[in-house]
Amino acid sequence: MSGLDATDLAILRILSDDATRSAAEIGRAVGLGQPAAWRRIKRLTDSGILAGRRVIVDNAALGFGVTVFLGIRLAAKGRTSLEDFERAVTAIPEVQTVQHVLGQFDYRLRITARDISDFERILRRRIMTLPGVGQVEANVMLSEERRPGPLGAS
Amino acid sequence: MPDRTDHRILRHLMADPQAPNAVLAQRAGVAPASLWRRLEKLRETGVIAAIQNRIDWRKLGYEVQVSLRFTLDKTSPRAFDEFMAAAREVPEVTEIQTFLGSVDLRLSVIARDMAHWQQIYRDRILTLPHVSDSDALMLVSTIKDSGELAL
């Protein structure tokens with residue numbers, strides 16, 4: 001796996017849970033001194049495996065009580081229509097995630113809204129008016145759990 | 001309750017989580033000491049639940065990412081709990097969400113290549129309990145992934 005050992009994976013496991021841990025703390029957790037831990041973190045960052053930070057907030061506490069996943073099928077396909085759709089959809093502030101997928105839908109979207117009526121407004125005014133949009137399926141998220149992924153035993 | 005200044009700080013933090021606190025303070029228009037205090041409070045109260053490092057799975061050799069959507073057989077009252085407990089045992093599962101709608105549950109699953117995906121699908125996914133229907137969306141590309149809120 002790109003020359004990574006068990007210690008590298010342990011470091012990835014720690015940082016993918018809490019990016020604010022210092023090199024000294026991480027070193028202690030994996031049995032390395034601060035300089036050695038720092039060098040490994042730098043190598044993982046330089047190689048792009050550690051790909052920036054993500055801030056996870058309590059959406060409800062900030063007034064965003066509703067997260068909806070949308071599956072969208074385009075009515076017409078072709079390179080221009082994909083580009084037009086992608087340009088328009090990424091500009092909508094409430095759309096957090098846009099993924100081009102293969103399967104029953106062409107795109108999957110993650111949308112955050114203040115409440116259901118706010119979501120309805122976004123859906124009607126912004127999503128249904130997107131260029132080329134065809135069938136739309138919405139599922140309201142009830143809970144979410146992020147897993148560490150295949151980084152060895154925890 | 002977070003006030004408008006907190007919202008402004010969070011907006012800048014989410015837009016650029018890499019920025020050092022001094023830069024963040026300047027962008028949000030607050031003194032560094034005040035920023036530090038406010039960030040501490042936002043973390044203590046759980047408004048900021050976590051700041052995590054993203055992992056680029058492709059760089060680790062995981063080329064395939066699949067969004068799997070499930071409908072469960074809800075005649076068993078423990079269907080959700082048992083399905084989720086079993087899904088947590090699969091190391092390649094990176095996200096689990098539950099829904100209200102035609103889909104009950106979604107898993108994000110990564111694999112090294114199509115052969116590896118086929119193996120995970122046969123050995124670990126098809127054996128998950130209480131599934132009445134499922135479909136897969138194979139990721140082609142991620143166009144946007146911001147986590148930002150329209151604060």
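Trainee: How many residues does the contact take from chain A and from chain B?
Mentor: We're looking at a predicted model, where local features need pLDDT of at least 70, side-chain atom pairs count only at pLDDT 80 or more, and totals for chains, interfaces and linings use all residues. Residues are numbered from 1 along each chain as its sequence is written, while chains are lettered from A and ligands numbered from 1 in the order in which they are written. Two residues are in contact if their C-beta atoms, placed from the backbone, lie within 7 Å. The contact takes 55 residues from chain B and, from chain A, 56.

Trainee: Which element gives the largest share of the side of chain A that touches chain B?
Mentor: Elements here are DSSP runs, numbered from the N terminus: helices (H or I, at least four residues) and strands (E, at least two). Those giving two or more residues to that side of chain A include α1 (6–15), α4 (79–90) and β5. With 10 residues, the largest share comes from β5(A).

Trainee: What is the bridge partner of R54(A) in β1(B)?
Mentor: Two strands pair if DSSP finds at least two bridges between them. Here β1(A) and strand β1 (residues 48–55) of chain B run antiparallel, joined by 6 bridges. In β1(B), R54(A) is partnered by Q52(B).

Trainee: Which residue in β4(A) stands opposite L70(A)?
Mentor: Strand β2 (residues 66–74) of chain A pairs with strand β4 (residues 107–113) of chain A in the antiparallel sense, over 7 bridges. β2(A) is also joined to β5 (residues 133–146) of chain A, by 6 bridges. Back in β4(A), the residue opposite L70(A) is L109(A).
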